[in-house]
Amino acid sequence: MAYDFDLFVIGAGSGGVRAARFAAGYGARVAVAESRYLGGTCVNVGCVPKKLLVYGAHYAEDLGQAQGYGWSIDGATFDWKILIANKDREIQRLNGIYKNLLVDSGVTLFQAHARVTGPHSVEVDGTQYTAEHILVATGGWPFVPEFPGREHAITSNEAFYLEALPRRVLVVGGGYIAVEFASIFHGCGADTTLLYRGELFLRGFDGSLRDHLKDEMIKKGVDLQFNSDIATIDKQADGSLLATLEDGRTLEADCILYATGRRPMLDGLGLDALDVALDSRGFIAVDEQFQTSVPSILAIGDVIGRVQLTPVALAEGMAVARRLFRPEEYRPVDYNCIATAVFSLPNMATVGLTEEQARLQGHRVKLFESRFRPMKLTMTDSLERSLMKLVVDADTDRVLGCHMAGPDAGEIMQGLAVAMKAGATKRVFDETIGIHPTAAEEFVTMRTPTGI
């Protein structure tokens, strides 16, 4: 059968664009449909604007610390509108880059909603197109649970476009997004409270880091309330919001942001009519080669719910393009030892196993920790401290996990991820000569175990 396209991609986020570009580069006839954001969540309402706002929030600390280095910063003011306008301008520039990447690669771009109408057919604006392969890469969408007054809450999507900085903010959740936005709002000057229904935020990260970040955020002035959740939200006469907690307490705020999870964006795709199977969590079920229960339909990225990180979606998109159109270069995605960072204030980053995971897997571990005041802060009034931790297999000497909370944690962890991927042992770390004076050298100078 002759198809209109070899590959039709629904969703122009990181994974979809990567798959489309490389498939087109391999000679395939490719189309992409995107109805909302060119560049997807990451570029528009995710990683990129989030980190720009984190930079903006951190300037408050930089200005406060400047006096220790001889700088007098008098009369400094912050304007949320300027930050958001400059962020919007940068995102618009990136949207153009993504459009050019696709078009210049020979991809047919539809900036409209697409719906799967058959194993090999897609409808866009009332027109049917056929494709040998259909790739769903529509990502995720913020989820707000059902409760009275939920309509008064916002999500991260809306937070990026607030016209003014709220005076009082409640952030609800315990994952990346909640912790990062609590840091952003607090750093920009809002009275910020973070509510989380569990014992401690950032479940799945190393326990030492979670405790350390909790202490640092409290020192900075963020009100952390664990084992707490909202029962109802009421809008008051003055426009402010009254949150009644499940324990009966009340909190007032001008903005309540829910960051309690994301669901796969499957709305209006037509997959249910084709009986495309979902897993128990509601994500699209795929095999090792990203095929769904309908073999001609594939899915990657946040919509499959494996590891919901932009670089992972990129790797999955590359794997799909290679398997379909350059099979001699295909290699499966390796989900082991993926580095990640939380751009809270301070930053946190990790790669490999946590102490808890290592013990659960049966490793006999040695622990190495270093806690110190970053050199940049030694001539300031800041009480912030950094934490670095190595988890080592006591029997093989292999480094199982690297963890850090402190300035530039993400930048430092990327280099350590290469060492971890190469199977570095603690001896390799010990024999590596550090760069002095840096925080990063602590990872190669820790000699005495702090725990077994």
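Biologist: What makes Phe110 count as buried?

Modeller: In this predicted model, Phe110 has a relative accessibility of 16%. Buried means under 20%, so Phe110 counts as buried.

Biologist: Why is Phe8 called buried?

Modeller: The relative accessible area of Phe8 is 0%. That value is set against the cut-off of under 20%, and Phe8 is therefore buried.

Biologist: How many aromatic pairs does the count give?

Modeller: The count comes to 12 aromatic pairs.

Biologist: Why is the pair of Phe8 and Phe110 called stacked?

Modeller: The ring centres are 6.0 Å apart and the planes stand at 10 degrees. Centres must lie within 6.5 Å for rings to pair, and planes under 30 degrees apart count as stacked. The pair of Phe8 and Phe110 is therefore stacked. Phe8 is in strand β1 (residues 5-10) and Phe110 in strand β3 (residues 108-110), so this pair links parts of the chain that are distant, 102 residues apart.

Biologist: What makes the pair of Phe8 and Tyr129 tilted?

Modeller: The two rings are 6.5 Å apart, centre to centre, with 35 degrees between the planes. Stacked planes are under 30 degrees apart and edge-to-face planes over 60, and the rest count as tilted. The angle for Phe8 and Tyr129 falls in that remaining class, so the pair is tilted. Ring pairs also link Phe5, Phe8, Phe110 and Tyr129 into a cluster.

Biologist: Why is strand β21 described as largely enclosed?

Modeller: Seven of the seven residues of β21 (residues 399-405) are buried, so the strand is largely enclosed by the rest of the structure. Strand β18 (residues 348-352) runs antiparallel to β21 and is joined to it by five bridges. In that pairing, Val351 stands opposite Cys402. Strand β20 (residues 386-393) also pairs with β21 in the antiparallel sense, over six bridges.

Biologist: What makes the contact of Lys50 and Glu180 a salt bridge?

Modeller: The distance from N to O between these side chains is 2.8 Å. A salt bridge requires such atoms within 4 Å, so the contact of Lys50 and Glu180 qualifies. Lys50 lies in helix α3 and Glu180 in helix α6 (residues 176-188), 130 residues apart. Lys50 counts as buried at 12% relative accessibility, and Glu180 is buried at 2%.

Biologist: Which parts does the salt bridge of Glu61 and Lys220 tie together?

Modeller: Glu61 and Lys220 meet at 2.9 Å, N to O. Glu61 lies in helix α3 and Lys220 in helix α7 (residues 207-220), so the pair ties together parts 159 residues apart in sequence.

Biologist: Why is Tyr59 called exposed?

Modeller: Tyr59 has 52% relative accessibility. Exposed means over 50%, so Tyr59 counts as exposed.

Terms used. Residues numbered from 1 in each chain as written. Predicted model: local features only at pLDDT ≥ 70, side-chain atom pairs only at ≥ 80, totals over all residues. Heavy atoms only, no water. Buried < 20%, exposed > 50% of the residue type's maximum accessible area, 1.4 Å probe, protein only. Helix = DSSP H or I, 4+ residues; strand = E, 2+ residues; numbered from the N terminus. Pairing = 2+ DSSP bridges.
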